[in-house]
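Please read this briefing with the sequence and the structure side by side, and look for each element as it is mentioned.

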Amino acid sequence: MTSGKYPVWLQAGVCVIAGLCLIAGIEAYRAADASAHAFQDPYLINAQPDRLREAARLLPDKTVIGYLSDLSFEEAIGSAAYFGVANALAPRLVVRSADEPQWVIGNFSHPLDFAAAGAAHHLDIVRDLGNGVVIFRRRP
Amino acid sequence: MIDPIALLSLAIAVALGYFGVSLWVPDAGGGSRWAPLLRTSLGAALGMGVTSCLYLLLVIAGAPARPVVIGLEVVALIVAGAGSLRRNAAPTTPPSITAFSLTWVLAGAALLMIALFLSAFLTASELNPQGGWDAFAIWNLRAHYLLHTETWRFAVTSQPMGSHMEYPLLLSSFVARGWLYADAPSASVPISIALIVSLAFAALLGSMLSVLRSPAVGLLAVLVLLANPYLWRAAPDQYADLPLALFGLSAAAMLVLDPAPQGSPRYLTLAGMFTGFATGTKNEGTLLLVALAAALLAATWRGAGPRQAIRRVGFLLLGALPVLGLSLWIKIFAAPPDPLVSGMGKDLLHKIGDAGRWMHIAAGFFQGLPAVALILLALTAALLRPRPATERSPACFLPLAAFAILLAGDFAVFLLTPDETGWLLATALDRLYLQLWPLLILGGFLLLRRPEDFAIPAVTAPPPKAKRARRSS
């Protein structure tokens, strides 16, 4: 491979384009870095496996589990909380309903009358694991 | 952050793909020094698609045990490797070309850009190993269910999940395969996949254009590709749009690299296989298959007539058929109905006749354009200028034709969708542009001159004999 001679305008133009691409890359780097630092696991997805470790030990494996929460699915935080639990308890299928499955996981953002919340869906508390995590079971 | 076992699972997939590409299209890249990088990046796409489909079939069949999966893949790797080495015993001589004098500047800039990209990717992945919303709500969540035969149907359940359980399974299956290797659902597996896909994406575009045009063109293309800021966010988000774009670019690569004027069945079927993987990755993959088939039909029809056009599209569809068949089987017999498809017919005529809706979507498409990256592409085009018509083969137009069809198809989906268009424009448009971006760059650079085309011819002094003759006269 040999090198020939090229017009100055071409060499300058190629350098300018390479430089502009690099500037765009540096800007993209800054934006991506700032965004990553500003939003570190904003929905606490990575905290859920530890928070739900005991529940994962107690709940039956590879089955359908119901879900009960005080957070609305209409809000992003409610949906994110649900997906955090769904990932932590997988390969159980955590469904967005507390009315049919035999076992239901409660995921609450603040203290409330968990027994009453479960009773509204014909559920009894099996274990209150603290930190807003409650295991329910359907009444016979 | 990145588990060595996760990397090993990826290395096996990439190596399997590399040998597969070398066996099926041994002349891909010819004798170019960029051919190994081209085959490796194509191999990443092929290996990912093949091992993912194999794993999914094993899960459905009830044999997703670690020794079975690893054993099958290692045996396939040994067989493909041995076959490939035997077949590639006689290397061809690379053609001698005159390199652009500032290729080293472009190489330095591209390396710096890739280093910046890697740094941003690793930082973002370390701080957010769960990836973006779709990663933890769709792709990686469903991968958990694909770890066991008893639970694979959970990945396509119709139970209320608030997720897209009707989406194809290829990416989730590939993540599950990595978790099987790692023996745990480690976050490093989807992170490693996103990293390898991103690198293969840039390497494929760069090496393909280096082979087809020149190294300077390949490096310029990599720089313009990475000037799109959305790529920097989408990669650590672990979204499926990047693997989809890689499959799309790989399919386009096979069509433009095909050296046979009448269309080689091997290149065409491999292009079809890549589009099949795209259909198994996201619903937009089906649109990609239609766009590539239509672009190929139109380009061949114009140049070689209808018979050749139908033949080539036939080979393309033949290659897509196995994975397309698997995806369709899952869609028809296992997955819940797609709300997008079932909702499209609702108020169809009203939506088509609503001028305000057209304007709203068109404005959204315009505002969502990656402006800086497009300006850089336009500046490059203005600098290098189009190739003379005599140098342009019909294949050069394929990526741009596919790009135009995909853009029109995406616009039609936005027009007919039952979802709120404002929300879709805000959340999905930049990802759609990411899928289209490599096709636009490939098409653009195939139609532009190379810097090497502007070389100043060396001025040679007239032979001394002639001078003497003139003086004497």
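Predicted model: local features only at pLDDT ≥ 70, side-chain atom pairs only at ≥ 80, totals over all residues.

Chain A is divided into domain 1 (1-40) and domain 2 (45-138), while the side of chain B that touches chain A draws on several helices and a strand, among them helix 4 (103-127) and strand 1 (98-99).

**Confidence in chain B**

- Chain B averages a pLDDT of 91, and 94% of its residues score at least 70.
- Over residues 467-473 of chain B, however, the pLDDT is below 50, and this stretch has one contact in the model beyond near neighbours in sequence.

**The two domains of chain A**

- The C-alpha centres of domain 1 of chain A and domain 2 of chain A lie 49 Å apart.

- Strand 2 (residues 64-69) of chain A pairs with strand 3 of chain A in the parallel sense over two bridges, and I65(A) has V94(A) in strand 3 of chain A as its bridge partner.

**Antiparallel pairs around strand 6 of chain A**

- Strand 4 (residues 103-107) of chain A pairs with strand 6 (residues 133-138) of chain A in the antiparallel sense over five bridges, and the bridge partner of I105(A) in strand 6 of chain A is I135(A).
- Strand 5 (residues 123-130) of chain A also pairs with strand 6 of chain A in the antiparallel sense, over six bridges; here D124(A) stands opposite R137(A), and R127(A) stands opposite I135(A).
- The hairpin of strand 5 of chain A and strand 6 of chain A has two residues between the strands, and in this hairpin N131(A) takes a positive phi near 60 degrees.

**Where chain A meets chain B**

- In the contact between the chains, 54 residues of chain B touch 46 residues of chain A.
- Helix 4 of chain B gives the most to the side of chain B that touches chain A, with eleven residues.
- The residues on the side of chain B that touches chain A divide into 38 nonpolar, 14 polar and two charged.

**One residue of chain A in detail**

- I17(A) is found in helix 1 (residues 8-38) of chain A, and beyond residues up to four places away in sequence I17(A) touches L220(B), L376(B), L379(B), T380(B) and L383(B).
- Is I17(A) buried or exposed? I17(A) counts as buried because it has 23 C-beta neighbours inside 10 Å, and a residue needs 20 or more of them to be called buried.

How values were computed:
Residues numbered from 1 in each chain as written. Chains lettered and ligands numbered in written order. Helix = DSSP H or I, 4+ residues; strand = E, 2+ residues; numbered from the N terminus. Buried ≥ 20, exposed ≤ 12 C-beta atoms within 10 Å, placed from the backbone. Contact = placed C-beta atoms within 7 Å. Nonpolar A, V, L, I, M, F, W, Y, C, P; charged D, E, K, R; others polar. Pairing = 2+ DSSP bridges. pLDDT = per-residue confidence, 0-100. Domains from an automatic or database assignment.
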